[in-house]
Amino acid sequence: MLEQAAELLARADAVLICAGAGMGVDSGLPDFRGDQGFWQAYPPYERLGLSFVELADPVHFADDPGLAWGFYGHRMHLYRDTVPHVGFDLLRGWGAEQRVFTSNVDGQFQRAGFVDVAEVHGSIHHLQCVEPCSEDIWAADSLSVVVDVETMRAVGPLPRCRNCGGLARPNILMFGDYGWVGARSQVALDSLAAWRRGLRGKSLVVVEIGAGSAIPTVRRQAELASAARGALIRINPREPEVRHGRGVSLAMGAAEALTELARRTG
């Protein structure tokens, strides 16, 4: 399977990287798969009996902003401090043209030097108004949120909207989220679609990494983009199966698989 995948990459004119949460695990980011995985990363939430799905609910920004910003503020600083694993650099060596489609909100691809990144669920490194009072989205580069790690609550001043002065929130699509401002993500998604249309006659390989089937957004994108030729490489240690044999399955973690592929492609 590794040899078959390496052959696809060696012949690729363009590579579309489709990445889910598993892409960040080898960088040391927590695995939120299931309540136990989430609670292992954040023990205070186990004591409170709160799951990831319950915390990733925009209602908390209105009902309990200290709880909401404790959760997202801690993650924001965690992602800022995380160094992308070697697999990110290895990916950049394949294909004359590259694009990224990801459900991750951590900004790891940008930290690794990727420019054309479509973040379908938004980014924790950008902010918007909770209301929202406008469609404005702005960078959170200078934002610092103080979090009490015992209670996982934000303490001190909370981020404010730069337009109306009300509470701000991360520009992330949460569960049951009707207030998300998706304009920034849509611009990148439209650009990705235009890029794909411009690839006629070129050899496109889709590398899908760490994308599960529970929320199949990334898998669906990877399968649709590779449907014409079946040039899909699925890297996933838990759910590596490819439907109808339309691709190559690698039951491996991201860094291990990408390292092995790099050895075989020179």
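Modeller: Here are some questions and answers about the fold and a few of its residues. This is a predicted model, where local features need pLDDT of at least 70, side-chain atom pairs count only at pLDDT 80 or more, and totals for chains, interfaces and linings use all residues. Residues are numbered from 1 along each chain as its sequence is written, and side-chain values use heavy atoms, with hydrogens and water left out.

Colleague: How many helices and strands does the protein chain have?
Modeller: Helices (H or I, at least four residues) and strands (E, at least two) are DSSP runs, numbered from the N terminus. On that basis the protein chain has 11 helices and 11 strands.

Colleague: What is the radius of gyration of the protein chain?
Modeller: The radius is taken over C-alpha atoms, and the globule rule is 2.2 Å times the number of residues to the power 0.38. For 266 residues that rule gives 18 Å, and the chain comes close to it, so it is as compact as a globular protein of that length. The radius of gyration is 19 Å.

Colleague: Which residue in S8 stands opposite glutamine 128?
Modeller: Strand S4 covers residues 122-129 and is joined to S8 by 5 bridges. These two strands run antiparallel. Opposite glutamine 128 stands arginine 169.

Colleague: Where is proline 132?
Modeller: The peptide bond leading from glutamate 131 to proline 132 is cis, with omega near -10°. Proline 132 itself has its place in the loop between S4 and S5.

Colleague: Is methionine 152 buried or exposed?
Modeller: Methionine 152 sits in the loop between strand S6 (146-148) and strand S7 (153-155), and has a positive phi of about 55° although it is not a glycine. Buried means under 20% relative accessible area, exposed over 50%, and partly exposed in between (1.4 Å probe, protein chains only). With 2% relative accessibility, methionine 152 is buried.

Colleague: What is the relative accessible area of histidine 244?
Modeller: Histidine 244 lies in the loop between strand S10 (232-235) and strand S11 (248-250). Its phi is positive, near 60°, in a residue other than glycine. Histidine 244 counts as exposed, with a relative accessible area of 75%.

Methods:
Pairing = 2+ DSSP bridges.
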